Amino acid sequence: MLDLTKLAKAMQGISQHLSLEAAASRQRVELAQELFADACTRQSELVEKQHKWRDRILFSIATPVEPLDTAVDIPIPPAVHTVIATDGSQIAPNQHEIAYCYLLNIGRVVLHYGQNRQPLLDSLPEVFYRAEDLYISRQWGIRTEEWMGYCRTASEATILAELALTGARGKEKEEVLSSVPLLAMVDGSLIYWFLEQLPLEARDRILPPILDAWDQLKEAGIPIMGYLSASRSGEAINFLRLQACPHENPDCVTYCPNLVVEKAPCQMLDPLRDIALWTFSLKPGQRSTLWRSSHRILDLYGCHTIYFCYVHVGTEIARVEVPAWVAENPALLDQSLSLMLAQVQKGYGYPVALAEAHNQAVVRGGDRARFFALLEQQMIKAGLRNVGISYKEARKRGSIA
C-alpha cells in the first residue's frame with residue numbers, strides 16, 4: 001500500500017526542479033530554432049557532409065529528403081475508405097500459477113467509412129505451452145518475457161497483412177471494393193531497433209515474417225503506417241548537430257572518441273526531442289519535411305527502409321512512419337496522411353482504429369482470472385491431480401495481518 005503522507009514529503013523538491021528544467025528547455029528551444037534557420041541555408045552542404053562522414057559519426061542522424069522548412073497541408077480524406085489496425089497484449093508465464101505458459105492476444109480492427117459495411121472488432125488469442133516455445137530463447141540469453149514481446153510484434157504484422165488482403169476487401173463486390181482506399185496502421189514505430197542486439201538466429205525468427213507481411217502489402221498497394229504519440233525520437237534534431245559541430249568536419253571518431261562517456265560539444269540541445277522543432281512552425285493539419293531514417297537495422301529492410309515526418313494533428317505533434325515505397329509515392333503518401341488525420345479527429349486526439357485495437361487486445365484482471373480458470377478445467381479434465389497455484393501466490397492474494 002502506498003503511504004501518501006510519506007510520498008508527499010519525498011516529492012517536495014520536484015516542483016522546483018521542474019521549474020528550473022522548464023526555463024532551461026525554453027533556452028534550448030530558442031537555440032534549436034537558431035540552428036534550424038542556419039541549417040536551412042546550408043542543407044545541401046550538411047547532407048553532403050553527413051553522407052561523406054557517415055562512417056565516422058557516432059550517433060544516428062536522419063536525412064531530410066525535402067527542404068527543412070517544409071510545411072505541407074494534408075489533403076481532405078476521401079469519403080469512402082477503410083482503415084485497419086492490429087495491436088497486441090499478453091499474459092506472461094508465472095511459475096506460481098497452475099501451469100507455466102503464456103498467451104498472446106492480438107486485437108483486430110477494420111473500420112469501413114461510406115460503405116454501409118459492418119466493422120470488425122475482435123481478437124485472436126494464442127497459447128504457448130510447449131517446451132520449445134517456452135525455452136527456445138534461452139539459448140540466446142533472452143528472457144522468455146522479452147521473447148514474447150518480439151513474437152507479438154511479428155504476429156501483429158502478419159495478422160495486419162492478412163486483414164488487409166482478405167477481411168478488409170471482402171468477397172462481395174470485389175471489383176468495387178478494390179478501388180476503396182485502404183490504410184493499415186500500427187501503434188508505435190516501424191523501426192525495430194531492438195533487433196540489432198539479437199543474435200542472428202534469433203533475429204531471423206522475427207524480422208523475416210514482418211518483411212514478408214510488408215511485401216504482401218506493397219504488392220497489393222496497401223500502405224502501412226506507424227503512429228507514434230509523444231515521440232521521444234531525436235533523429236531529426238541530431239541533424240542540427242552537424243550545424244553545431246565546432247570542427248571543420250563531423251569526424252566523431254577523431255575529435256570525440258569518448259562520445260558515449262562524455263557529452264560532445266554538439267550536444268548543446270540535449271535532451272531536446274524532434275517534436276520541439278515543429279511545435280511552433282507547423283499549423284494544425286500540416287506535416288513537416290520527410291526524413292529517411294538511418295538506424296543500422298534498416299540495412300536489413302531492403303525496399304522497406306523507413307521514412308518519417310511530423311504531423312500537427314491538432315492535439316499534439318505526432319511522428320508518422322512509412323516504408324520507402326509509400327514515401328516515394330506522393331499520391332499514396334498524401335492519401336495515407338489524410339486517412340490518418342481523419343482517424344485522429346474521429347478519435348478525439350488519437351487514431352480511433354489504434355485505440356480500438358488496443359481495447360480488443362488488452363488482457364484485464366478478469367480476463368486473466370478466466371484464462372487460468374479455463375486452463376484449470378482443461379487440466380482436471382485431462383486427469384491431472386494437485387492442480388493449483390503455489391503457496392506464495394495464494395498468500396499474496398489475501399492478507400491475514
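Trainee: What should I know before we start?

Mentor: This is a predicted model, so local features need pLDDT of at least 70, side-chain atom pairs count only at pLDDT 80 or more, and totals for chains, interfaces and linings use all residues. Residues are numbered from 1 along each chain as its sequence is written, and side-chain values use heavy atoms, without hydrogens and water.

Trainee: How many helices and strands are there in the protein?

Mentor: The protein has 16 helices and 11 strands. Both are DSSP runs, numbered from the N terminus: helices are H or I with at least four residues, strands are E with at least two.

Trainee: Why is H112 called buried?

Mentor: Buried means under 20% relative accessible area, exposed means over 50%, and partly exposed lies in between (1.4 Å probe, protein chains only). H112 has 13%, so H112 is buried. This residue is found in strand 4 (residues 102-113).

Trainee: What makes H112 and T82 a polar contact?

Mentor: A polar contact is a pair of N or O atoms within 3.5 Å; within protein, one must be able to donate a hydrogen and the other to accept it, and residues adjacent in sequence count only if both atoms are side-chain atoms. The side chains of H112 and T82 make such a contact at 3.1 Å. Another, at 3.5 Å, joins the side chains of H112 and R117.

Trainee: How do you know that W278 is buried?

Mentor: W278 has a relative accessible area of 1%, so the residue counts as buried. W278 lies in helix 11 (residues 275-278). Leaving out residues up to four places away in sequence, W278 touches L68, A236, S288, T289, W291, Y310 and I317. Contact here means heavy atoms within 4.5 Å.

Trainee: What makes a nonpolar core?

Mentor: A nonpolar core is a set of buried Ala, Val, Leu, Ile, Met, Phe, Trp, Tyr and Cys residues joined through side-chain atoms within 4.5 Å. The largest has 75 residues, and W147, W214 and Y301 are among those with the most contacts inside it. Helix 5 (residues 144-167) gives the most to this core, with 10 residues. A second, separate core of 32 residues includes L35, I61, F308 and Y310.

Trainee: Why is L4 called exposed?

Mentor: L4 has 58% relative accessibility, so L4 counts as exposed. L4 is found in helix 1.

Trainee: What makes R287 and E66 a salt bridge?

Mentor: A salt bridge is a side-chain nitrogen of Lys or Arg within 4 Å of a carboxyl oxygen of Asp or Glu. R287 and E66 meet at 2.9 Å, N to O. R287 lies in strand 8 (residues 286-287) and E66 in the loop between strand 1 (63-64) and strand 2 (72-73), so the pair ties together parts that are 221 residues apart in sequence. At 5% relative accessibility, R287 counts as buried.

Trainee: How many salt bridges does the structure hold?

Mentor: The structure holds 12 salt bridges. One of them joins R319 and E235 at 3.0 Å, N to O. Both R319 and E235 are buried.
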